[in-house]
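The questions below go through one structure, starting with its pockets.

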Amino acid sequence: PLPSTKGVTKKLEELDALHRFDAFNIHGRWFSDYNEVVWFAKKRGRLMVKTLHNQRPLGISLGVSVVGMTYEAMRGKRVLRTVDKIIAVSAAAKKDVMNYGLPERKFTVIHNGADTGVYKPSPSDYLDKYRDGCDCLMLFVGRVIQQKGLHHLLNVMPALLGEHPCTKLLVVGKGGKLEELRSSVKKKKLEGHVIFPGFVPDEKLPELYSNADMFVLPSLWEVLPIAMLEALSCGSPLCSSDAGGNPEMVDGGKNGLIFRKGNEPEMLEKLGEMVGDPSLRKRMSVASRETALARFDWEIIAKRTQEFYDKAIPEHGTGKR
């Protein structure tokens with residue numbers, strides 16, 4: 001966060017002299033020098049758009065909350081108030097950031113998407129080595145950090161295995177909590193049921209999502225996680241917390257189930273319902289792929305973005321001169 005990138009304004013002047021931009025867009029407010037784009041566009045009367053990939057920096061950790069909200073008070077809120085329009089990648093992000101007193105008319109929700117041509121049901125034997133003695137293979141893909149809530153998932157695993165002993169959890173990812181998580185697995189005697197496969201190449205992820213029996217995301221803080229979109233696109237049934245925009249991908253329980261973040265009894269109940277019912281997971285798998293194609297394919301997201309600018313640029317009076 002907060003890198004220094006010298007010469008931004010000079011480069012903007014050179015590019016604008018060449019192209020005469022109708023609109024400018026930034027994808028973050030945490031980069032001090034990048035925010036020079038905002039003042040550059042406003043001084044010239046051009047449309048200034050902010051794509052919102054973050055909510056308020058609250059609830060991740062005490063340190064992030066203190067530093068993040070201090071930055072917000074110094075500059076972040078000013079950026080959000082100054083831009084003309086905000087594209088929020090989830091309705092949850094929009095709702096949360098509106099707590100800064102921003103008017104709803106400033107926001108348009110355009111979700112992140114997935115390449116459904118790459119992330120698609122991909123039969124393979126890639127996961128067969130984990131299938132021995134397993135009736136349900138659960139998958140987590142993401143950063144192994146506090147906000148992903150994996151410690152809550154490990155806490156419910158013994159009880160889940162008590163009801164469904166032939167269940168396994170595959171944890172794919174790395175991060176600051178990985179070694180702590182490995183130690184917790186040993187302490188809880190979950191070896192053989194919680195597996196860390198190590199590095200998985202990006203090109204293998206569609207096979208991972210497609211051939212696991214369900215995707216699990218116990219996050220405590222999210223906006224609209226890409227891994228969950230990729231799993232959805234591959235036809236994976238979803239079992240997720242209600243953090244951030246997660247519920248916006250779970251279509252009325254048709255393609256998955258939602259539990260309240262940090263609520264371990266509720267997490268255990270929803271996991272048990274899906275783990276114990278292969279026919280339910282099969283129906284959800286079909287619905288996941290249908291949801292991705294209908295709502296989150298990049299072609300749809302690109303069209304909505306084009307429509308946004310087609311309307312916003314003339315309204316702002318900054319069409320081609």
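Q: How much space lies in the largest pocket?
A: This is a predicted model, in which local features need pLDDT of at least 70 and side-chain atom pairs count only at pLDDT 80 or more, while totals for chains, interfaces and linings use all residues. Residues are numbered from 1 along each chain as its sequence is written, and side-chain values use heavy atoms, with hydrogens and water left out. A pocket is an open set of points on a 1 Å grid over the protein atoms alone, where a 1.4 Å probe fits, with protein on both sides within 12 Å along at least five of seven lines; a volume is the space filled by probe spheres set on the points, which are joined across faces, edges and corners. For the largest pocket this space is about 1,100 Å³.

Q: Which helix gives the most to the lining of the largest pocket?
A: Lining residues have an atom within 4 Å of a point, and the largest pocket has 42 of them, with G142, R143, I145, Q147 and K148 nearest its centre. Helices (H or I, at least four residues) and strands (E, at least two) are DSSP runs numbered from the N terminus. Several of these elements supply at least two lining residues each, including strand 6 (167-172) and helix 6 (178-187). The one that gives the most, with 4 residues, is helix 3.

Q: How many residues in the lining of the largest pocket are nonpolar?
A: Ala, Val, Leu, Ile, Met, Phe, Trp, Tyr, Cys and Pro count as nonpolar, Asp, Glu, Lys and Arg as charged, and the others, Gly among them, as polar. The lining has 9 polar and 6 charged residues, and its nonpolar residues number 27.

Q: How many residues in the lining of the second largest pocket are polar?
A: The second largest pocket holds about 180 Å³ of space. Its lining has 13 residues, of which H27, T51, I87, I110 and T305 lie nearest the centre, and helix 11 (residues 298-316) gives the most, with 4. By class there are 6 nonpolar residues and no charged ones, and the polar residues number 7.

Q: Is N112 buried or exposed?
A: N112 sits in the loop between strand 4 (107-109) and strand 5 (136-141). Contact means heavy atoms within 4.5 Å; beyond its neighbours within four places in sequence, N112 is in contact with residues including H53, V89, F296 and W298. Buried means under 20% relative accessible area, exposed over 50%, and partly exposed in between, with a 1.4 Å probe and protein chains only. Because its relative accessible area is 12%, N112 is buried.

Q: What is the relative accessible area of E222?
A: E222 lies in the loop between strand 8 and helix 8. Leaving aside neighbours within four places in sequence, its contacts include Q55, K148 and L217. E222 counts as buried because its relative accessible area is 6%.

Q: How far apart in space are D115 and D297, C-alpha to C-alpha?
A: D115 is in the loop between strand 4 and strand 5 and is partly exposed, at 38% relative accessible area. Not counting residues up to four places away in sequence, D115 touches S233 and W298. D115 and D297 are 182 residues apart in sequence, yet their C-alpha separation is 6.0 Å.

Q: Which strands are at the edges of the open sheet?
A: The sheet has 6 strands in the order 7-6-5-8-9-10, with parallel pairing. Two strands pair if DSSP finds at least two bridges between them. The edge strands, each pairing on one side only, are strand 7 (194-195) and strand 10 (256-259).

Q: What is the phi of K189?
A: Most residues other than glycine have a negative phi. K189 lies in the loop between helix 6 and strand 7 and counts as exposed, at 67% relative accessibility. K189 is not a glycine, but its phi is positive, near 60°.
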